[in-house]
Amino acid sequence: NKSDWMNSGIYNVKNYGAVGNGVADDTPAFLLAISALSIPESGKVAAVLYIPPGRYRLTQQLDFPANTLVLEIRGSSYGTQLLWSFNNFLINIPAQMATGLKISNLMIESKSPKLSTYFAIRVENCNYCTFSHIYVRQDTTTYKLGDTNAVGGGLYLRATGVETVNSVSISNVQVLGFTGTGVLAEKFIGIVMTSCVFQGVTNDNTPVSTTNIGLVPLGEFFILVLDSVSFTYSHYGMRFQGNTNGDIRISNS
């Protein structure tokens with residue numbers, strides 16, 4: 001909303017040299033914008049990395065600085081496309097910036113044949129975070145066995161040490177053509193997922209392998225709520241791993 005923008009420093013990647021034509025390497029511009037986050041504007045308590053409509057080719061992991069700003073990464077609906085063309089996580093958020101984090105309005109396309117073990121977005125010790133209108137897909141429309149550029153996974157919510165993942169909202173997120181896990185969440189207090197779609201790669205309409213899983217809660221958790229969530233062509237829709245126990249509420253899924 002308007003007050004969010006007024007209290008935030010706005011970092012538009014095009015102001016740092018991004019082209020967004022799908023051909024030029026926009027990584028240096030993104031890294032310049034991200035590095036500017038480490039020097040907050042006077043009086044600002046939050047930072048918005050704004051990515052206007054365009055196709056941005058990225059060739060290096062985007063590591064965000066470790067500071068206490070409230071971070072938002074905002075695209076412009078599915079008109080903002082990030083072309084993921086390297087063998088690592090695309091967006092990597094440290095614990096120091098993972099409280100109040102918001103990521104929205106992005107389309108992420110896999111452009112590398114070696115992504116099967118990596119997630120598009122990795123966040124450490126995520127607290128009060130929101131992920132919405134994010135579309136992660138393999139660079140094809142068929143998602144079949146043998147296709148190149150398979151997506152390893154969509155979101156990896158990592159808990160380090162004694163920390164937990166707490167109060168996370170995931171809505172209108174789609175991960176299509178993945179070979180690993182749609183969402184992996186470690187040791188969480190509460191996650192609510194609404195209107196999400198996870199579709200694995202297939203071989204004659206059967207899952208590729210047992211690693212193809214829509215959602216993995218890993219370790220202990222308190223509450224998991226799923227409403228209007230679809231898992232297709234996955235060996236498991238959900239697979240609970242480790243010492244899991246908690247309240248699960250599923251509707252319209």
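In this predicted model, Phe 240, Ile 248 and Ile 250 form a nonpolar surface patch with about 250 Å² of accessible area together. Patch members have over 30% relative accessible area and no salt bridge, and nonpolar side chains are joined within 5 Å. Areas follow the Shrake-Rupley method with a 1.4 Å probe. A salt bridge places a side-chain nitrogen of Lys or Arg within 4 Å of a carboxyl oxygen of Asp or Glu. Phe 240 lies in the loop between β15 (236-238) and β16 (247-251). Strands are DSSP runs (E, at least two residues), numbered from the N terminus. Phe 240 is partly exposed, at 33% relative accessible area; buried means under 20%, exposed over 50%, and partly exposed in between.

The largest nonpolar core holds 60 residues. Such a core joins buried Ala, Val, Leu, Ile, Met, Phe, Trp, Tyr and Cys residues through side-chain atoms within 4.5 Å. Phe 64, Ile 73, Ile 121, Phe 131, Ile 170 and Met 193 touch the most other members. Strand β13 (residues 166-200) supplies the largest share of this core, 12 residues. A second, separate core of 6 residues includes Phe 89, Phe 119, Tyr 156 and Leu 184.

Met 107 sits in strand β9 (residues 102-110). Met 107 is buried, with a relative accessible area of 9%. Beyond four places in sequence, Met 107 contacts Tyr 78, Thr 80, Gln 81, Leu 82 and Tyr 135; contact means heavy atoms within 4.5 Å.

Residues are numbered from 1 along each chain as its sequence is written. Local features need pLDDT of at least 70, side-chain atom pairs count only at pLDDT 80 or more, totals for chains, interfaces and linings use all residues, and side-chain values use heavy atoms, without hydrogens or water.

Note on methods:
Buried means under 20% relative accessible area, exposed over 50%, partly exposed in between (1.4 Å probe, protein chains only). Helices (H or I, at least four residues) and strands (E, at least two) are DSSP runs, numbered from the N terminus. Patches are made of residues with over 30% relative accessible area and no salt bridge: like charges are joined within 9 Å, nonpolar side chains (Val, Leu, Ile, Met, Phe, Trp, Tyr) within 5 Å.
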